[in-house]
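Morning, everyone. Please look at the model on the screen while I talk.

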Amino acid sequence: MDKVLITGPLIGDSVSRLVDHFRVEYSRNEVMNQAAFSQAATDAWGIVTMTSLSVDRHIIDSSPGLKVISNLGVGCDNIDVSYAQSKGIVVTNTPDVLSESTAEMGMGLLLATARRIIEGDRMVKVGDFSGWKVDLLLGSELNGKTLGILGCGRIGQSIARMAGGFEMQVLYCNRSRLPAKVEARLHLSVVDFDGLLEKSDFLVITAPLNKESHHLFDLKTFERMKASAILINIGRGPVIKEVDLIAALETNLIAGVALDVLETPPSVAEQLKERTNVTLTPHLGSATTEARSAMSDLVIDAVLDVHQGRVPNYVVG
Ligand code: 8YV
């Protein structure tokens, strides 16, 4: 039997659907480390990958029997997709099912940061709350403000829909312009990157990581943003150059930031941890039972589809 390697725990018992067809090697408690992964991949027919594991040329070259890479998540920056394709390997991902959860996380971080919810929580828990006063932890209202969305795919469009409920004005900047009827339905206005930086009161990054977006947010970018702006990153950490972000926060170039993704996870700069205007979460975008269960099903569907000669629902590239 061919081997399928599952590199970390999945939700539910979707893995049981493989056992009649494959020899399954399942890391059911922890995501494998990179060294163990590259070792275990060498005789795999299929692998279910997680975002923290890199599937580079070396791994692809040393796994001659590999036919499918089924990635748990939508972003595939951890995989050398074009090289895999050149070797005839099918690469799949899990979009759609995580859009609402990830968009909700973006809105949650936006509210938490703008309304200083985490600071308030800490203040009460450590005993620093000594009584109500009129200027205690004043935040910034969402209603009527301008929200900029960088990368307006499925997740960005869900955020736009939610922002409509707060009566925000929503701008987007995307690789390609959305169809007019999508813009009209979501009350979206297209802008270029400069316009997004200059006009946004709140700016949410959902863009994928690639050569163009790597370190797109550096000191020069922060200099063009409003001093009152709050930046939210629910995409990929390296879209922001973290040393420049720290400098921008130290010189009040922007008002605050919420990061669900870090430049070099899981390590995090002390200067970010120390600041009250920084909200940090451990890549929880799609972390709901609903999304992660559906993602866990989809990664197994894709492996079975390729094995049984069907085209999986979500092929990358
Ligand atoms: C996943 C994500 O949690 O979909 C993505 O690109 O970043 C998250 O939804 C992550 O990829 C898990 O592997």
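First, the ground rules. This is a predicted model, so local features need pLDDT of at least 70 and side-chain atom pairs count only at pLDDT 80 or more, while totals for chains, interfaces and linings use all residues. Residues are numbered from 1 along each chain as its sequence is written, and side-chain values use heavy atoms, with hydrogens and water left out.

Now the ligand. Which residues are around the ligand? They are Met50, Thr51, Leu72, Gly73, Val74, Gly75, Leu98, Arg236, His283, Ser286, Arg292 and Met295. The cut-off is a heavy atom within 4 Å. By class, the shell has five nonpolar, five polar and two charged residues. Here Ala, Val, Leu, Ile, Met, Phe, Trp, Tyr, Cys and Pro count as nonpolar, Asp, Glu, Lys and Arg as charged, and the others, Gly among them, as polar.

Next, polar contacts, meaning pairs of N or O atoms within 3.5 Å. The side chain of His283 places an N or O atom 2.6 Å from a ligand oxygen. For the side chain of Arg236, that distance is 2.8 Å. Thr51 uses a backbone N or O atom, 3.1 Å from an oxygen of the ligand. On its own, the ligand has 320 Å² of accessible area, and the protein covers 90% of that. The method is Shrake-Rupley with a 1.4 Å probe.

On to the helices, which are DSSP runs of H or I, at least four residues. Helix α4 (residues 99-114) packs on helix α6 (residues 154-165) at about 55 degrees, axes 8 Å apart. That makes the pair oblique, the class left after under 35 (roughly parallel), over 145 (roughly antiparallel) and 65 to 115 degrees (roughly perpendicular).

Last, the backbone. Most residues other than glycine have a negative phi, and most peptide bonds are trans. His215, not a glycine, has a positive phi of about 55 degrees. Pro265 and Pro266 are joined by a cis peptide bond, with omega about 0 degrees.

Note on methods. A polar contact is a pair of N or O atoms within 3.5 Å; within protein, one must be able to donate a hydrogen and the other to accept it, and residues adjacent in sequence count only if both atoms are side-chain atoms. Axes are lines fitted to C-alpha atoms, for helices over the stretch in contact, and angles run from 0 to 180 degrees between N-to-C directions. Helices (H or I, at least four residues) and strands (E, at least two) are DSSP runs, numbered from the N terminus.
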